[in-house]
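Here are some notes to go with your first look at this structure. Keep the viewer open and find each residue as you read.

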Amino acid sequence: MASDEEWFTSKLSNLSQEDLRMSTLSELRDHLKALPHEETSRISNSLQLPVVFDCLNDSNSEQVDLACEVLSLCLSSLHLGESTTKYKTSLERALTHPYHTVKLMALKEIERSISNEEALCSLCEQSALINNIVLCLGDNHLGVAKKAADIIIALGNTVPGANKITSNEVLLQLERVMSISEVVRLRVFEIIITISAESTHSFNTFKSTGLIPKIIDELGSNDVLFKMNIIEILSQFVRSEHGYMFLEQTGVLSKIFSWVTEDEVTTQLCQPGILKFFGHVGHLKPRELLAKHPLVFDHLFSNIESSDLTIIGVSLDVIGYIGQTCQGKVALDSMGIKMEGTIRTISKLLPSLPTETRIRALSCIENLLRDSRLDIIQITEKWFKLLGAEPMEVITKYAKNPFSELRLAGLGVLNAISGQIWGQEAIKNTPGLVEFLLDRSIETIKDCKEAKYEIVKLLSQGQVFDRSTQERLEAFVKEGPFYVHAVTEVAVEGD
């Protein structure tokens, strides 16, 4: 009986005969799937796969798909980096194939290989292969473009990779790809910024070649949509320390923030993106931002009373995002009556807002009230009291809402105050609230059950309840979020 290795070698020889090609590929695929991984690896290392790659050169899509399956099974069984060395020419050709399935097969294997550092360095020496990966960034198939982007990002986050991407030959290829369309140009810009945000070395390398300045220059575009996309891309960059410093020192932050108060239609259309950008900066550097750009905070607060629901929603998100951090809370609190007035306004508008915006408002309140540090709880308690004459009524109204999305948002606010002693006191002093949280029979939604469980867990760790209530809270936690009380039925014999 022939060994597996002999059987595969025999079958590969059949691929030269066109009438046997489909059936042979099908047999190869099925046989490879049935083998243990170790055996597949051993077989794949001994096979001459170029004959399978040759099967891709056909207009029969079914044959091409079968060949892709066989190649994927074999290549993924090779040692990391072996495929990009042993079959680099075949992979180069695969990346220019008209079928997206072939490109994806090759890209997935390259991505797998470069998880090995040695293989990644080896790939950096293969200009033709990298140029073809760059070419895939402009592919019409989003799956191909995204996979190529993932590989370029992985390369760019390393020193040899960043150096290779900024070499003259690859830069020329990038320029050619960016000229395909504005969509592709934005795609490349996003890759460059993603890499730059992660790696200081890569950022400095890209800056020296003019790639970063090129992106910044696009802020002057008259195309509103394009401009909005550039601001969104830079939002990722500004989250890094070196990204923030660069944009601050070059005046980009001041330029973008100056647009917030402009009345021009084009800049007004960009306002949601600018506000999100402001939120990322405010989350990272709230004190610095308040010191240098206080007018943007004023504008942010005034937006809560806007007639534009989109602006209200984004502004709520931004205030909540800035207020997530300890420094953010301190910065917001330093604005005194302006911040206090904003919280009162949010609470007053809650009942009249559409459901989606109301959920965002509750999420904003949750972020503002969530903190357990002793130096911050005075701020959170003060803000809590600004929700109204009876702030717990405002919160419990939504925590008990029949609509699960609003109920979850209300429970989120309850969770935020449950980790603070003043919040635990407020919950204890709200008639029926602890019983509501401990009553398993009224909750049917999985997410809400989990949310209530987390609140009870926080309350059980406090020390404000009497012994009996404390024991009930602790018993609830031990039983878990999905405990169901057993019901005993007694059958009675009747006539």
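Predicted model: local features only at pLDDT ≥ 70, side-chain atom pairs only at ≥ 80, totals over all residues.

1. Start with the largest pocket, which has a volume of about 580 Å³. It is lined by 22 residues, and the closest to its centre are Leu186, Glu190, Asn229, Glu232 and Ile233. Pick those five if you want to get your view centred there.

2. Which helices each supply at least two residues of the lining of the largest pocket? They are helix 11 (142-156), helix 14 (182-198), helix 17 (224-237) and helix 21 (271-284).

3. Now for the closed spaces. The structure holds 3 cavities of 30 Å³ or more, and the largest cavity has a volume of about 40 Å³. Its lining is made up of Leu137, Ile152, Ile165, Leu174, Val188, Ile191, Ile192, Ile195 and Phe206. By class, that gives 9 nonpolar residues, with no polar and no charged ones. Helix 14 provides the largest share of this lining, with 4 residues; helix 14 also supplies at least two residues to the lining of the largest pocket.

4. Have a look at Glu218, in the loop between helix 16 (211-217) and helix 17. Is this glutamate buried or exposed? Glu218 has a relative accessible area of 16%, and it counts as buried because that is under 20%. Leaving aside neighbours within four places in sequence, Glu218 is in contact with Arg185, Phe189, Phe226 and Ile230.

5. Helix 30 makes a handy follow-up. Its end C-alpha atoms are 20 Å apart, which agrees with the 21 Å that its 15 residues should span at 1.5 Å a residue. Of those 15 residues, 12 are buried, so helix 30 is largely enclosed by the rest of the structure. Among the buried ones are Leu406, Arg407, Leu411, Val413, Asn415 and Ile417. What covers them includes helix 27, helix 28, helix 29, helix 31 (421-428), helix 32 (433-438) and helix 33 (446-460).

6. Gly323 and His283 are 40 residues apart in sequence, yet their C-alpha atoms are 7.5 Å apart in space. Not counting residues up to four places away in sequence, Gly323 touches Gly328, Lys329, Leu332, Asn367 and Leu368.

7. On to the charged pairs. Side chains of opposite charge can pair when their charged atoms come close. The count here comes to 28 salt bridges. One of them joins Asp371 and Lys329, with the closest N and O atoms 3.7 Å apart. That pair links distant parts of the chain, 42 residues apart: Asp371 is in the loop between helix 27 and helix 28, and Lys329 is in helix 25. Both Asp371 and Lys329 are buried.

8. Glu366 and Arg370 meet through their side chains in a salt bridge of 2.7 Å, N to O, and Arg370 is partly exposed, with a relative accessible area of 31%. Glu82 forms a salt bridge with Lys86, where the closest N and O atoms are 4.0 Å apart. Those two are separated by about one helical turn, because they sit 4 residues apart in helix 6 (residues 82-86). Lys86 is partly exposed, at 39% relative accessible area.

9. Finally, look for a network of salt bridges that links Arg29, Asp30, Lys33 and Glu69.

Key:
Residues numbered from 1 in each chain as written. Heavy atoms only, no water. 1 Å grid on protein atoms, 1.4 Å probe; cavity = no way out; pocket = protein on both sides within 12 Å on 5 of 7 lines; lining within 4 Å. Points joined across faces, edges and corners; volume = space filled by probe spheres on them. Nonpolar A, V, L, I, M, F, W, Y, C, P; charged D, E, K, R; others polar. Buried < 20%, exposed > 50% of the residue type's maximum accessible area, 1.4 Å probe, protein only. Contact = heavy atoms within 4.5 Å. Expected span 1.5 Å × (residues − 1).
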